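Points are grouped by topic.

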Amino acid sequence: MAEQFFVHEFDNGLTLLGQRMEQVSSAALTVALPGGASRDPDELAGAASVAAHWLLRGAGGRDTRQLNDALDCLGCRHSESAHAEHLVLSAGLLGMNLSAALAIYADILRRPQLADETFPACRDLVAQDLEGLEDEPMRMCNLLIREKFYPHPLGRSPLGSRATLEAMTADAIRRHLERELTPRGTLMAVAGRFEWPELVDVVAENFGDWTGPGMEAVVPAAPADGVTHITKSTAQVQITLAYPAARIQQEQYYAGRVAQMVLSGGMSSRLFTEVREKRALVYAVIAHYHNIKDHAGMFVYAGTTPERAQQTLEVTVGELRRLTEGVGADELARAKAKLKSALIMQGESTAARADALVGDWYHLGRLRGLEELSAAVEAVTVDDVVAYARAFPAEGFTVLTIGPEPLDTSVLN
Amino acid sequence: MEFKQTQLPNGLKVIAEVNPSAASLAVGFFVRTGSRDEDDRTAGVSHFLEHMMFKGTERRSAFDINREFDEMGASYNAFTSEENTVYYAAVLPEFQARVLDLLADMLRPALREEDFQTEKKVILEEIALYQDRPQYRLYEKLMARHFAGHPLGRSVLGTRESITALRREDMLAYFDRRYSPSNVTLVGTGRIDWEAFADKAAAACSHWEAFEAPRARPPADAGGGVGVMADGRLGRQYVGIMSRAPCAQDERRYAASLAATVLGDVTGSRLFYALVAPAIAEEADCGYEPLDGEGAFMTLLVTDPGRAGEALEIARKELARFRAEGPTEAELTAAKNKAASAVTRKGELPMGRLTAVGFDWIYRQTYRPLGEHIDRILAVTTDEIVEVVREYDLTSATILALGPNEKLL
């Protein structure tokens, strides 16, 4: 069954994306505003996260409680968060309540109250989240490795720093939001149960006369690669490594995704087999792909007790490098099977599809159907994967470790 | 959507919710066993055994198992709780027979000594991993305290000491005591071919030998008391409040679940407005956990150490007020709509339906279609909620704090 994709570009720069799914009664809404953590001015690092809270503190004629209650009453499960390049508002609800929810989101995006008295609590919640990172080394490691890997400020932690949060004022965030709350470059995706002509009308009615400036691009600095260790008396040492990967716009992208699956696609993948199954060095070892508009990386994580950390690092890096030596036909077949079936299963989830629509449009300016994706994965050969591994070798690592002692990272050179 | 069921002569139940319009299917073996069925000497064996099921059978090596799942492009894993161990996989329809053969074979594991010793190290790493997660540490110790002297107080992971001391023979003995087909339900959801499913189940599992495998279900004491675990390495204060609640077999579980939503959902709840909106706590939520013959409400607060006492006082006041007044009609309506929307969205995925259908059967020996669940949710009245929170007194709770503070208040 071919997907039912829809696109409508409004004159004010807002793009509405849709995927109608016959078999469901729910709908998922994802609104991605241009900006996000990477567009926070340096002195306001953390602004997007604070804004994510503040936007829900009253909008239109409703105060905080009335606004949240209105969404709750629609059975709308909502969340707001700062991503690297977008401020993202997501909602999951029944399709029949979509129009009513969109009217409320118009208030949130166009008529937020942003009142002085609700600001300090929003800033405090982000500050508390930042403090909480110290107690959760795995989360800390996976957040901070992006900051180290991507050119500044593209990978910046959305939580900012103690100093920027303390100095942040309501006025400064309001001024920042004047640029961020804009239809220009905003993507709104709906997946699930809806009628497209009706949806376009409802969005036109609520957002058609929305105006706002475009966001200027940021000029990133060179990435600060290298090795960082954070000393902490944790039970496990957290090890994260990152190195460049093909961007989604590049020809070798699909070979890269297959390569990642060979490394870490399932329990028969190389990292799981060599690091966990054979040597029992870890409970968790994983390689995942992450990308922003102009950069992409392979991010590798392993957590292990201190006395086994050095060996874990060495075995892990050995596996990453061994990819250039070749890939078995059976490994390739498994990696492809996993990728293809994951695509089909994600196709059953409205939330996953709404996010995918946003990702495709942002990175490629078009929506990829299941057929195109399957064909692209199917076309990857053993030679393609090896060529990929040579073009994007496991070297020039950015490394972040957290634990009682630093590791000897000479093996990475 | 059609429900199917059968039972093998050895007592193993086979059920399925067939949805011909789904793109995939999910299959799970639900075994009615967990840490509550262990003793001191074997603490953690249920979870360790769950890992060992992936380490090979007479016919398959550990790598064979992983390889076959991956060849099917399966999304698969297993989990162990206080009272259930579930092995599951989601696959495309063409792999129904193959995934069933694989899962069934796994459940008759070889338990080789060498694999046992290797996997023991992975379990010890997992225990270390959770030591770096304060919310999990708090949950485990709060359960131990609230259910002190009751099997539900047992840790799922066990301890470094119990796992280190565990021998392969202990695990074999546990397997022989708990993994009777009478304790196993095979569940299918999504695009299941029922006849082939039932036939394959019979072919793969009929030789499993049946024996009596009862579970001890002593009544639990009311819990209570206050404790503090001071840990100067932590920066935040974590406070858990646990009290009794209707059990999984009790029809009042719908009212209990809605009570927890009104009181402590992550958005729009009493605790959200009283604690999170003003940033007194970063997190303040209440959940309802239905268990076999027991149940629990659990509230978790995460705060600055300096504001933990204040946050706890406010939370206690909200619990007491809720007990006295119950929800307003508007609060209940919002909670119902959130719950109905959540179960609908979860039910759209075969994996989401798998646990719902499976646990309906495990705990209540019934099948309830999604629509009927929603009807029950929508039928709950404010009076029913008031009745539940009066009988199960939210204010008579076990309280435990973890963090830098030496004292609770």
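In this predicted model, chain B is divided into domain 1, spanning 2–205, and domain 2, spanning 225–403. The C-alpha centres of these two domains of chain B lie 27 Å apart. Chain A is likewise divided, into domain 1 (4–207) and domain 2 (226–412).

**Domain contact in chain B**

- Domain 1 of chain B brings 29 residues to the contact, and domain 2 of chain B brings 24 residues.
- On the domain 1 side of this contact, two or more residues each come from β2, β3 (25–31), β5, α5 (134–146) and β6 of chain B.
- The element that gives the most to that side is α5(B), with nine residues.
- The residues on the domain 1 side divide into 14 nonpolar, eight polar and seven charged.

**Domain contact in chain A**

- The C-alpha centres of domain 1 and domain 2 of chain A lie 28 Å apart.
- In the contact between them, 32 residues of domain 1 of chain A meet 26 residues of domain 2 of chain A.
- The elements supplying two or more residues to the domain 1 side are β2 (15–20), β3 (26–34), α5 and β6 (187–192) of chain A.
- Of these, α5(A) gives the most, with nine residues.
- By class, the domain 1 side in chain A has 23 nonpolar, seven polar and two charged residues.

**Contact between chains A and B**

- The contact takes 59 residues from chain A and 52 residues from chain B.
- On the chain A side, at least two residues each are supplied by α2 (64–73), β4 (77–82), β5 (86–94), α4 (119–133), α5 (137–149), α10 (270–278), β10 (296–304) and α12 (329–346) of chain A.
- The largest share of the chain A side, nine residues, comes from α12(A).
- The side of chain A that touches chain B has 20 nonpolar, 23 polar and 16 charged residues.

**Packing of α12(A) against α14(A)**

- The axes of α12(A) and helix α14 (residues 370–378) of chain A come within 10 Å and cross at roughly 175°.
- The crossing angle therefore makes α12(A) roughly antiparallel to α14(A).
- From α12(A), the contact is made by A:Lys336, A:Leu339, A:Lys340, A:Leu343 and A:Ile344; from α14(A), by A:Leu370, A:Leu373, A:Ser374, A:Val377 and A:Glu378.
- The residues of this helix contact divide into six nonpolar, one polar and three charged.

**Sheet in chain B**

- Strand β2 (residues 13–18) and strand β6 (residues 184–190) of chain B pair in the parallel sense over six bridges.
- Within chain B, B:Val18 stands opposite B:Gly190 in β6(B).

**Overall dimensions of chain B**

- Chain B has 15 helices and eleven strands.
- The radius of gyration of chain B is 22 Å, close to the 22 Å that the globule rule gives for 409 residues, so chain B is as compact as a globular protein of that length.
- Taken along the principal axes, the C-alpha atoms of chain B fill a box of roughly 60 × 50 × 35 Å.

Terms used. Residues numbered from 1 in each chain as written. Chains lettered and ligands numbered in written order. Predicted model: local features only at pLDDT ≥ 70, side-chain atom pairs only at ≥ 80, totals over all residues. Pairing = 2+ DSSP bridges. Helix = DSSP H or I, 4+ residues; strand = E, 2+ residues; numbered from the N terminus. Contact = placed C-beta atoms within 7 Å. Nonpolar A, V, L, I, M, F, W, Y, C, P; charged D, E, K, R; others polar. Domains from an automatic or database assignment. Axes fitted to C-alpha atoms, helices over the stretch in contact; angles between N-to-C directions. Parallel < 35°, antiparallel > 145°, perpendicular 65-115°, else oblique. Rg over C-alpha atoms; globule rule 2.2 N^0.38 Å.
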